[in-house]
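This report describes selected local features of one protein model. The sequence and the structure are shown first, and the description follows.

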Amino acid sequence: MHGATARLAPYASDAGASRGRRHPEVPAPTRDAFQRDRDRIVHSTAFRRLVYKTQVFLNHEGDLYRTRLTHSLEVAQLARSIARALALNEDLCEAIALAHDLGHTPFGHAGQDALDEALRRADPASLGFEHNFQSLRVVDQLEERYPRYDGLNLSYETREGILKHCSRRRAAWLERIEPGGVGRRFLDRTQPSLEAQVCNLADAIAYNAHDIDDGVRSGLLAHEQLLVLPVVRRQHEATLAEFPSLAGRRLLFEVIRRMLSQQVYDVIDASAAALSVARPEDGVAVRRGLALIGFSDGMNEEIGDVKAFLRERLYRHPQVVRVTEAAKDVVRDLFEAYAGDATQLPKQYAEREPRFVAIADYIAGMTDRFALREHARLFGPSASLLHSDVEAAS
Ligand code: MG
């Protein structure tokens with residue numbers, strides 16, 4: 001109907017054949033279901049807050065580094081490029097990519113870990129906190145924008161892609177409230193759409209590259225250190241062969257740009273080969289068997305090395321550990337303060353049951369800055385070493 005659909009492969013997701021929305025709606029006159037999902041995500045409150053949530057919590061001089069918003073835009077761009085080359089549905093990829101991190105807490109993974117611990121300690125029977133599951137909660141329940149239902153009422157295929165990982169326990173919980181729904185594949189061990197698979201890869205390509213970039217620009221990593229990684233060294237050597245006098249940031253940018261391209265081409269080539277062998281007849285057949293979108297074996301190994309390197313040299317860097325520990329304390333303190341005195345919560349959260357889940361939803365929705373301001377309000381302006389950072393930044 002809108003041109004792009006005509007070029008889709010038979011195994012691509014087709015908006016016209018969507019499994020639909022939980023609350024049936026009249027189709028939009030000019031946009032298909034996935035384009036409409038993307039627009040609802042962009043207009044959501046949780047999406048706007050991504051700009052003030054850090055990706056990897058390096059420190060609070062935030063302007064230089066990736067936020068969840070810039071990360072989500074990079075994932076959407078990479079996913080669309082891959083989808084276009086494979087004749088998959090770009091709009092579905094864009095919707096999934098823009099929504100995939102909506103459930104993240106303030107302060108990156110440190111915030112998630114602290115919130116999970118606090119919730120489990122307060123209520124050992126709870127499911128705990130996990131950001132993918134929370135992203136689904138945001139689009140299914142927590143956004144309050146539409147008169148007839150909670151959440152954004154997105155299409156099944158977008159919701160399926162947002163729920164990238166899910167424990168069996170959470171999947172069983174989802175299956176009870178939505179039989180045969182988005183939790184089912186984690187019980188059956190089947191695959192999501194090819195577009196969801198593309199987004200998972202695009203996410204990994206994006207964060208490995210930008211964590212290297214942010215790591216070097218923050219001074220925590222040295223460019224030379226990266227040369228132990230074959231995937232970096234190859235591009236470094238190729239760049240210098242072409243531009244022998246290039247150095248500093250422009251050399252780094254060019255190496256990262258080439259690395260991104262190489263990984264994108266690798267996914268496209270390896271996935272095209274897998275698709276031509278499997279020849280799935282439609283978007284249902286791709287859900288059986290193994291994932292068809294992926295890196296080549298060689299690239300998989302090299303990316304494993306990049307992840308291990310970043311874990312060791314960046315995420316466990318003493319300076320990063322220092323601020324992430326402080327960030328965990330902030331989240332823990334907030335949880336305990338609200339659990340001990342519900343009058344500190346906004347009314348709509350104070351009145352909700354189960355109480356500890358409502359507290360977790362409230363904290364998870366906070367931006368880094370708001371969490372620090374709340375902490376200063378409740379515990380005083382010098383209760384965390386992060387407070388001086390946020391004052392300097394604002
Ligand atoms: Mg991500």
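Apart from neighbours within four places in sequence, Glu-160 is in contact (heavy atoms within 4.5 Å) with Val-182, Arg-185, Gln-191, Pro-192, Ser-193 and Arg-287. Glu-160 belongs to helix α7, which covers residues 156–162; helices (H or I, at least four residues) are DSSP runs, numbered from the N terminus. With a relative accessible area of 2%, Glu-160 is buried. Buried here means under 20% relative accessible area, with a 1.4 Å probe and protein chains only; exposed means over 50%, and partly exposed lies in between.

The model is predicted: local features need pLDDT of at least 70, side-chain atom pairs count only at pLDDT 80 or more, and totals for chains, interfaces and linings use all residues. Residues are numbered from 1 along each chain as its sequence is written, and side-chain values use heavy atoms, with hydrogens and water left out.

**The magnesium site**

The magnesium ion has the protein donors His-71 (NE2), His-100 (NE2), Asp-101 (OD) and Asp-203 (OD), at 2.1 to 2.8 Å from it. Donors are N, O and S atoms within 2.8 Å of the metal (3.2 Å for Na, K and Ca); water is not among the atoms, so sites may look incomplete. The spacing of the donor residues in sequence is H-x28-H-D-x101-D. Asp-101 is in the loop between α4 (90–99) and α5 (108–122), while Asp-203 is in helix α10, so this pair ties together parts 102 residues apart in sequence.

| Residue | Relative accessible area | Class |
|---|---|---|
| Asp-101 | 3% | buried |
| Asp-203 | 6% | buried |
| Cys-166 | 15% | buried |
| Cys-199 | 5% | buried |

**Cysteines**

A disulfide is a pair of cysteine sulfur atoms within 2.5 Å, and by this rule the count is zero. The sulfur of Cys-166 is too far for a bond, because the closest cysteine sulfur, in Cys-199, is 18 Å away. Cys-199 is likewise in no disulfide, its nearest cysteine sulfur being that of Cys-93 at 4.3 Å.

**Packing of two helices**

Helix α10 (residues 194–217) packs against helix α13 (residues 297–315) at an angle of about 35 degrees, and their axes are 11 Å apart. Axes are lines fitted to C-alpha atoms, for helices over the stretch in contact, and angles run from 0 to 180 degrees between N-to-C directions. Among the residues that meet are Tyr-207 and Ile-212 in α10, and Ile-303 and Leu-310 in α13.
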